[in-house]
Amino acid sequence: MYFEQQDMTQPAEVFEDILVVIHPKLRGKLLQITDALEYYGHQMGGGYIEKCHEYKGMWEIRAIHSGTLARELFGLDNERIVLLHGYTKRTGQPASAYDLEKAYTYWTEYMRTRRVSPVQEEENE
């Protein structure tokens with residue numbers, strides 16, 4: 001599921017659309033991890049997902065290719081995985097506090113509104 005802003009923008013989907021153009025192999029890895037996450041949930045191993053300890057309820061997916069790290073942030077609402085926001089960085093660089101805060105803002109808005117992409121809702125019904 002993609003979190004959807006009031007203006008109907010889905011920040012995580014925008015990130016994925018850009019990633020497929022700029023880093024298609026990295027996007028492919030991220031897609032594989034996301035598919036596995038849907039199957040295994042938050043108990044998925046392999047170091048692909050990690051809790052964002054300073055941001056309650058928020059997790060991150062990590063995919064690396066050729067020195068570039070993609071992070072896609074998501075929240076867990078019971079069994080529902082809600083993709084929030086993503087960004088890329090070079091390996092070795094610190095996490096982006098700006099992007100973490102932005103994703104957490106989306107997470108708190110989601111928790112208040114429970115708004116996700118209607119297309120995603122229809123596919124799961």
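**Notebook: salt bridges and positive phi**

I looked up Glu60 and found that it forms a salt bridge with Arg62, with the closest N and O atoms 2.5 Å apart. The criterion I used for a salt bridge is a side-chain nitrogen of Lys or Arg within 4 Å of a carboxyl oxygen of Asp or Glu. This is a predicted model, in which local features need pLDDT of at least 70 and side-chain atom pairs count only at pLDDT 80 or more, while totals for chains, interfaces and linings use all residues. Residues are numbered from 1 along each chain as its sequence is written, and side-chain values use heavy atoms, with hydrogens and water left out.

**Entry 1: the pair in more detail.** I checked accessibility for both partners, where buried means under 20% relative accessible area, exposed over 50%, and partly exposed in between (1.4 Å probe, protein chains only). Glu60 counts as buried because its relative accessibility is 4%. Arg62 has 26% and therefore counts as partly exposed.

**Entry 2: a further partner of Glu60.** I then looked at Arg71, whose side chain meets that of Glu60 in a salt bridge at 3.4 Å, N to O. Arg71 lies in strand 3 (residues 68-77) and Glu60 in strand 2 (residues 58-65), so the pair ties together parts that are eleven residues apart in sequence. Strands here are DSSP runs of E with at least two residues, and helices are runs of H or I with at least four, both numbered from the N terminus. Arg71 and Glu60 are both buried. I noted that Glu50, Glu60, Arg62 and Arg71 are linked in a network of salt bridges.

**Entry 3: Asp77 and Arg114.** How many salt bridges does a search of the whole structure find? The search finds six. One of them joins the side chains of Asp77 and Arg114 at 3.1 Å, N to O. This pair links distant parts of the chain, with Asp77 in strand 3 and Arg114 in the loop between helix 3 (97-113) and helix 4 (118-123), 37 residues apart. Asp77 counts as buried because its relative accessibility is 13%. Arg114, at 38%, counts as partly exposed.

**Entry 4: backbone.** I looked up positive phi values outside glycine. Met8 is not a glycine, yet has a positive phi of about 75 degrees. I place Met8 in the segment before helix 1 (11-22). Its relative accessibility is 58%, so Met8 counts as exposed. Asn78, also not a glycine, has a positive phi of about 60 degrees. I found Asn78 in the loop between strand 3 and strand 4 (80-90). Asn78 counts as exposed because its relative accessibility is 70%.
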